[in-house]
Amino acid sequence: MTIEFAPFIPWLAIGVLAVLALALSILGMVRHVRGTLIRFAASAAVLAALANPLLMQEDREALSTVVPVIVDRSQSQQIAGRAEQTDRALEGLRDRLSRFGNIEPRIVEVTDPATSDAPSTKLFEALNAAITDIPPARIGGAIFLTDGQVHDIPGENQPLPFNAPVHGLVTGKADEFDRRIEILRAPRFGIVNEEQELTFRVFDDGKASDQPADVAVKMNGEDIGTLTAVPGNETPFAFKVPRGGNNVLEFSVAGTPGEVTDVNNRAIHLIEGIRENLRVLLVSGEPHAGERAWRNLLKSDASVDLVHFTILRPPEKQDGTPINELSLIAFPTRELFVEKINDFDLIIFDRYQHRGVLPILYYDYIAEYVRNGGALLIAAGPEHAGEDSIALTPLATVLPASPTGDVHQAGFYPRLSEQGKRHPVTRGLDGSAVEPPQWGRWFRSVDVGQTTGETVMTADDGRPLLVLNRANEGRVAMLLSDQGWLWARGFEGGGPHVSLYRRIAHWLMKEPELEEEALKARATGRTMEVTRQTIGDAPGPATITTPSGQTESLNLTEIQPGLYRGERRMTETGLFTVTNGDFSTLVHVGAVDSPEFRAMVSTTDTLAGVTGKSRGLLARLDDGEGGLRIPDILPVRGDIRTADNRRLMIRLTDETVLKGVNTLPLFAGFAGLGILLLAVSAMWWREGR
């Protein structure tokens, strides 16, 4: 209770009257006037009545003590039974906290942020967000349910936002072990077929080990080697980038019995292959109108080193001109087709015929070059149907078609075959979507018999015009007409000769984007896009295996003939495996070096500093016998000065909220009137004596 005043007149007036009353009383006492004390008491009573004293009593309600419980639901909590431990511990904490009516638990479940490409466990960020609307004095403590892999722990000199204990209840087991692999240093770009080097390290978390581990290495899904690495030591690895564009280098370390997870037993590195320069050998059998179209196309590409020879003077041409008077360069056949043949990425025979320029043995060398991974393009003219055709040499062993000897001389529109509409080399060529195609006609084609590989373009009456085929490790393309230059010259509107020629060349050089059977996946943020190319039937849905081991089915929709695509936003991050039939690919959703996957072993070390500084309890939930040990709650009044190693101490708050105020005027009503009458009567009585 308190006494307050609500004066009827200003305090200044009451003060003046009080001074006057006191002065008169002192004067009366000095002169020994009878009744002075009674008069002073009566004056004091009147002044007190004018000050209007009030007896006030506040009606207050005690506020509850808030205890945030931060529950870790990150991906590292989904392994080794930790999610079940967390659920049981949370239920136990709810029960224990509910026994205290003045404690208000605030449960906050923290998952991986859906917008982050590099997920991490940020429990203290969630704690701060949960208590922004609560005064620090009401916080009785905080409880973390986690595996200890927390990535936003405050620094040593960074204070907590409240003065109360922070407790950590750690899931998992004390003797956990995990093997993982990380790529430490690696190039982002590499020149195709030039040696590169990266460095990786195998970690054994939870125990020291000097036993070597086997590491399998794959490049674009194909095995390229197996290494032996000592855990804890850096291991270098040298490799060559096999192709231009995106390449996926995968490292898989053999698992160890008893490790908590094999999610982080694989690591990938994406490296962009850059072709330093494509070396192309173009051999024209004779000057003709289409020769310049090939030359202009190849010379316009800055990434192509072109070596071009035109046979102007075949060996049988003998007109008596002395050699020293000829302004021609001798065709360096041995240098090109024996010594340096493997230096070329692509060989083009443009209307070339066997007229003794190349020894017959050299065609064997060319065929072997193709079988070992080389690329060969035959741009055929009428000579291909004659008796000097290169199809009658040992080169025939790698050619997809043999000429019948007939040459068709009639106008026709080059058309895409059914396979051609689905093949990435010819799919979607400008002008191919209508009938007849919106491009000019050609007027000559070479007739061939049975073909192997894929016929992607046809001439009149469905005759093969462009045939693509594989020969062991290499590739061969046959363009059975020399009339492509009509498109380059704009005849009847021209046609997409640049796009067609370039696609043929890139397919021959194994450009990944032009593979007719391919499964690709890429990630943009959390969204995964899966693309399937096929020249066959619909491939059906793709199967996605998540980092946690779950599988999902993704339907693929045909967006163009032979091109199927599907996308999905993923809730997890990490290394995903996508399969469709016999095809498989890897894609990493999120940042490759996400903190969430660097370490997966549960630990008490990370929270030890915070709990010790705040006098909280840090304990494992596992009791070592398959059960769960949940500490009891101990409410404490006042500041906590020492830690309890068995119980979760909660500092109870003294905060209250004002519900109302009761007031009682002391001089109101009959009581005040009686006091004043008593004072006046006493003064009258004294005067009467």
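Helices and strands here are DSSP runs, numbered from the N terminus. The model is predicted.

**Exercise 1. Which elements each supply at least two residues of the lining of the largest cavity, and which supplies the largest share?**

Step 1. Start with the search of the whole structure. It finds three cavities of 30 Å³ or more. The largest cavity has a volume of about 110 Å³.

Step 2. Look at its lining. The largest cavity is lined by 14 residues. Nearest its centre lie L297, L298, D301, V304 and A505.

Step 3. Assign the elements. At least two lining residues each come from β15 (278-284), α5 (291-299), β17 (346-350) and α10 (497-508). The largest share comes from α10, with four residues.

Step 4. Sort the lining by class. The largest cavity has 11 nonpolar, one polar and two charged lining residues.

**Exercise 2. Which residues lie nearest the centre of the second largest cavity, and what classes make up its lining?**

Step 1. Note the volume. The second largest cavity has about 70 Å³.

Step 2. Find the residues. W294, S481, D482, G484 and Y501 lie nearest the centre, in a lining of 13 residues.

Step 3. Sort by class. The lining of the second largest cavity has six nonpolar, five polar and two charged residues.

**Exercise 3. Is the aromatic pair of F237 and F251 stacked or edge-to-face?**

Step 1. Recall how to describe a pair. Two values are used: the distance of the centres and the angle of the planes.

Step 2. Read both values. The structure holds 12 aromatic pairs. In the pair of F237 and F251, the centres are 5.7 Å apart and the planes stand at 85°.

Step 3. Apply the cut-off. Planes over 60 degrees apart count as edge-to-face. The pair of F237 and F251 is therefore edge-to-face.

Step 4. F237 lies in strand β12 (residues 234-240) and F251 in strand β13 (residues 245-253), so the pair ties together parts 14 residues apart in sequence. F237 and F251 are both buried.

**Exercise 4. Why is the pair of W439 and W487 classed as it is, and where does each residue lie?**

Step 1. Take the geometry. The ring centres of W439 and W487 are 5.1 Å apart and the planes are at 45°, so the pair is tilted.

Step 2. Locate each residue. W439 is in the loop between α8 (418-422) and β21 (445-448), and W487 is in helix α9 (residues 485-488). The pair links distant parts of the chain, 48 residues apart.

Step 3. Check burial. W439 and W487 are buried.

Technical notes. Residues numbered from 1 in each chain as written. Predicted model: local features only at pLDDT ≥ 70, side-chain atom pairs only at ≥ 80, totals over all residues. Heavy atoms only, no water. Phe/Tyr/Trp six-rings, centres within 6.5 Å; stacked < 30°, edge-to-face > 60°. Buried < 20%, exposed > 50% of the residue type's maximum accessible area, 1.4 Å probe, protein only. 1 Å grid on protein atoms, 1.4 Å probe; cavity = no way out; pocket = protein on both sides within 12 Å on 5 of 7 lines; lining within 4 Å. Points joined across faces, edges and corners; volume = space filled by probe spheres on them. Nonpolar A, V, L, I, M, F, W, Y, C, P; charged D, E, K, R; others polar.
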